[in-house]
Amino acid sequence: MRSCEALAIRGPELVEFVRVDMPEPGQDQVLIEVSACGICGSDLRPYRQGEMKYEFFGHEFSGKVVSVGKNVEDFKIGDRIAAGLEQACGHCEPCQRGFPNYCVLSANQFYPGGFAQYSLVNCAQGFRPIIKIPDAIDDVRATLYEPLSCAMRIATRVAVPRGSRVLVIGLGMMGMLAALLIKKSSPDVYIVGADTSADRIAQGRDLELDACVQIEPGKLPASPIMAPTFDVVIDATGIAGVFRLAVDLAGLGGTVILGGVPAGTVDFAPLPIFRKELTVVGAKGPYPYPTAEGGSEALDLLLSAEIPWEKLVTVFPFRLAKEAFQGAARSGPLKTVLVM
Ligand SMILES: [Zn+2]
Ligand SMILES: [Zn+2]
């Protein structure tokens, strides 16, 4: 049996290379030779806890199709792909109700995932967690296809009114991308970024958000820019307690969007939601964005020069995965991408 190298979580904040049997595609699967894989916040959670869940460890990858199961007709050997939801099954209950981001087939998409030399991709019943990419998108940029479609969900979850004030709390990759997408589609919106990290504030300024404010955990910010009158507040931190701050800073009739994957619980008095008649919405990616011509809006965006993609990504070679994970866990780079 041939084998290949994969990264495995071996304890809290510890990743190591292991050898796994070379995956063989079943009839509904394709095998990908991985080129690059980004580290997502949802990879850092099991990393910190020391729990290995293969099917979700490394889901922001790009690569090349090297083997195709007999039931899969729309990929061939040599196709370059990016991981991310291109198409849900369309038949399961969530799909039928208009929630492709909850397709029941989205569990167990990959094995062992993108932090490996090779990964299987499940493509049963029309479900496509990968998309073919054009040559103009390189392997590193292609890893942004999945996080981009998550950020698009956040940025388009509600119609942002013209001339409104938008606050993004948490300037990690999700928050920063959502801010840039809103700015791109609505240039007259005033966007404030807030974060506890001075580095993230500097990055927000570099990426030309209208204002960036460093905040302290658990404290209401004193800056006049942070007056509680925001039309839209996006909580992209993934920290449950920040929800309270988001609700406090929303203005009358405002909307609070939960864009991170909120971990933990919050002791919370809901009165401001009632008093200010707030709307609270979740925004769960990845979400498919097909165009009428059969393309993908997210891929079109990746080709656009309006977003400074190079500034968002820090590249590490695969063999420095330990260091890359340590840096990503300390909220260093916005997006760390491992390259094979
Ligand atoms: Zn992700
Ligand atoms: Zn489905």
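A: The protein has 11 helices and 16 strands; these are DSSP runs numbered from the N terminus, with at least four residues (H or I) for a helix and at least two (E) for a strand. This is a predicted model, in which local features need pLDDT of at least 70 and side-chain atom pairs count only at pLDDT 80 or more, while totals for chains, interfaces and linings use all residues. Residues are numbered from 1 along each chain as its sequence is written, and chains are lettered from A and ligands numbered from 1 in the order in which they are written.

An automatic or database domain assignment divides the protein into domain 1 (3-149 + 287-339) and domain 2 (158-282). Taken over C-alpha atoms, the centres of domain 1 and domain 2 are 28 Å apart.

Where the two meet, 13 residues of domain 1 are in contact with 14 residues of domain 2; contact here requires C-beta atoms, placed from the backbone, to lie within 7 Å. On the domain 1 side, helix H1 (41-49), helix H4 (145-156) and helix H10 (309-312) are the elements that each give two or more residues. H1 supplies the largest share, 3 residues. By class, this side of domain 1 has 6 nonpolar, 3 polar and 4 charged residues. In this scheme Ala, Val, Leu, Ile, Met, Phe, Trp, Tyr, Cys and Pro are nonpolar, Asp, Glu, Lys and Arg are charged, and the others, Gly among them, are polar.

Ser331 sits in the loop between helix H11 (321-329) and strand S16 (335-339). Leaving aside neighbours within four places in sequence, Ser331 is in contact with Gly172 and Ser197. Ser331 and Gly41 are 290 residues apart in sequence, yet their C-alpha atoms are 9.6 Å apart in space.

For the whole protein, 46% of the 340 residues count as buried. Among contacts between residues at least 6 apart in sequence, 66% join residues at least 24 apart. The C-alpha atoms fill a box of roughly 65 × 45 × 40 Å along the principal axes.

Notes: Buried ≥ 20, exposed ≤ 12 C-beta atoms within 10 Å, placed from the backbone.
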